[in-house]
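The entries follow below the display.

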Amino acid sequence: MTGTLLASQPAPRTATEPAEAFRAAMSALAAPVTIVTCYDDRGMPRGLTASAVTSLSLTPPLFLVCIDRGSRTHDALIGSDAFAVHLLAPGDEYLVRRFMRPAEQRFDDVALAADAHPAPVLRDVTLTLRCVRHDILEGGDHTILVGRVTGVDGESAHGGGLVWHRRGFAHARRP
C-alpha cells in the first residue's frame, strides 16, 4: 500500500523533532559552567556564560569554547585577540545570573583583577584560564573559539565544580 500510512507505522517526524530530542539528550550530560570574557573593539568588557567548553591539547595547552552565533557577545569574542575563561565553583551561581542580564549590564558591580592581561579577569573567581586566540572554526550554529592558554590563575583544588545538568545547577566537587 504505497502512500498510505499504516496504524503500526510511526508518524513522520517534523524537522524540529531531532533538534528537540538532541537538546533533551544533552540536558542529561553534565557540563561545566564558565564565564568567558574579553574586551571589545572599544575597550569595553564583554562576557557570556558557556557550557560547551573543553580542553583540547596539552602541548601546546589549548582550550575551546563554543559560542552561539546568535549571542550579542559573539562578535566581540571572535574579534578579540585574548579572552579569559572563568571555571566557576559551587557558590558562583550569582555570577551566572549576573551574566544572563543584558550584555551592557553584565559587568555592573563586578570586580575585575587589576593586571595587564588583555582580557577582563573576574577577581572573585577561584580558577581562571588566560588565553590568546589560536584558531576559529565553524560548527553549525556555533563558532568554535580555540585559545592557547598563557596562564592559569588560582588553585585547581578549589576551583571549578559548578555544572549544568538537567537544566539546572549541580555541584561536582569532592570533599
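**Notebook: loops, a cis bond and a surface patch**

I began with Pro 60, which I found in the loop between strand E4 (53–57) and strand E5 (62–68). I kept in mind throughout that this is a predicted model. Looking at the backbone there, I noted that the peptide bond leading from Thr 59 to Pro 60 is cis, with omega near -5°.

Next I turned to backbone angles and looked up Asp 109, whose phi is near 60°, a positive value in a residue other than glycine. Asp 109 sits in the loop between helix H3 (93–98) and strand E7 (127–139).

I then went to Arg 166, which is not a glycine either and yet has a positive phi of about 55°. I placed Arg 166 in the loop between strand E9 (162–165) and strand E10 (168–171). With a relative accessible area of 56%, Arg 166 also went down as exposed.

Last, I asked myself which residues form a nonpolar patch on the surface. I found that Phe 22, Met 26 and Leu 29 do so, and that together they have about 320 Å² of accessible area. Of these I followed up Met 26, which lies in helix H1 (residues 16–27). I recorded Met 26 as partly exposed because its relative accessible area is 38%, and partly exposed covers values between the 20% limit for buried and the 50% limit for exposed.

Notes:
Residues numbered from 1 in each chain as written. Predicted model: local features only at pLDDT ≥ 70, side-chain atom pairs only at ≥ 80, totals over all residues. Heavy atoms only, no water. Patch = residues over 30% accessible without salt bridge, like charges linked within 9 Å, V, L, I, M, F, W, Y side chains within 5 Å. Areas by Shrake-Rupley, 256 points an atom, 1.4 Å probe, with all protein chains shown as cover. Salt bridge = Lys/Arg side-chain N within 4 Å of Asp/Glu carboxyl O. Helix = DSSP H or I, 4+ residues; strand = E, 2+ residues; numbered from the N terminus. Buried < 20%, exposed > 50% of the residue type's maximum accessible area, 1.4 Å probe, protein only.
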